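Let's take a look at this protein chain together.

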Amino acid sequence: DLHTPLDTPREVFCEGSEPQPRGEHTHCEDAFQIPLATEVFRRARAQRLNRQKNLGFALMCVLVAFILLGCAYFNPFQFHIIKGTDDWSNRVSQLSFIFSLIIFALFVNLMCLLNICYRQRNLG
């Protein structure tokens with residue numbers, strides 16, 4: 001007669017280890033807490049600011065690339081050839097609109113980068 005552990009009933013909970021509902025006057029144990037030093041929070045904030053700064057620099061590179069692509073597309077040397085025509089006024093208005101948007105985005109990005117660098121300097 002073979003008995004395997006699956007055939008025999010096992011006690012999962014011992015007699016006194018069943019969960020009990022808490023009463024109003026029962027003393028509860030202290031909650032499990034991991035003490036963290038302030039250095040952990042400083043390091044996490046510094047890492048977050050570094051990621052934001054890297055993203056800002058990447059966006060700055062993309063915007064500069066767009067300006068260079070715009071210069072290649074609008075070809076400023078061609079403006080002297082078609083000067084005084086209707087096509088010239090149309091292309092200049094397009095050029096000024098596109099470049100003003102990109103330069104405004106560069107300015108906003110630069111202000112955000114300066115703010116991030118200022119916060120990084122005040123962190124340490």
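Before we start, one term: two residues are in contact, or touch, when they have heavy atoms within 4.5 Å of each other. Keep in mind, too, that this is a predicted model.

**The overall picture**

What does the secondary structure of the protein chain come to? It comes to three helices and zero strands, so if you follow the sequence along you read the pattern α-α-α. The chain has 124 residues, and 14% of them are buried. Now take the contacts in the chain with a separation of 6 or more: residues 24 or more positions apart account for 74% of these.

**Two helices side by side**

Two packed helices are described by the angle between their axes and the distance between the axes. H1 passes H3 in a left-handed crossing. And what kinds of residues sit in the contact of H1 with H3? They divide into 23 nonpolar, seven polar and five charged.

**The core**

Which residues form the largest nonpolar core? There are five: Met60, Leu63, Ile102, Leu106 and Leu113. H1 and H3 each supply at least two residues of this core, and the largest share, three residues, comes from H3.

**Who touches whom**

| Residue | Touches |
|---|---|
| Leu106 | Met60, Leu63, Val64 and Ile67 |
| Asn109 | Gly56, Leu59 and Met60 |
| Leu95 | Phe74 and Phe79 |

Let's zoom in on Asn109, which has its place in helix H3. Is Asn109 buried or exposed? Buried means a relative accessible area under 20%. Asn109 has a relative accessible area of 6%, so Asn109 is buried. Met60 is one of the residues that Asn109 touches, and Met60 is also among the residues in contact with Leu106. You have already met Met60 as part of the largest nonpolar core.

Leu95 is found in helix H3 as well. Find Pro76 in the model too: Leu95 and Pro76 are 19 residues apart along the chain, and their C-alpha atoms are separated by 9.7 Å.

Technical notes
Residues numbered from 1 in each chain as written. Predicted model: local features only at pLDDT ≥ 70, side-chain atom pairs only at ≥ 80, totals over all residues. Heavy atoms only, no water. Left-handed = near helix turned anticlockwise from the far one by under 90°. Helix = DSSP H or I, 4+ residues; strand = E, 2+ residues; numbered from the N terminus. Nonpolar A, V, L, I, M, F, W, Y, C, P; charged D, E, K, R; others polar. Core = buried A, V, L, I, M, F, W, Y, C linked by side-chain atoms within 4.5 Å. Buried < 20%, exposed > 50% of the residue type's maximum accessible area, 1.4 Å probe, protein only. Lists of a residue's contacts leave out its neighbours within four places in sequence.
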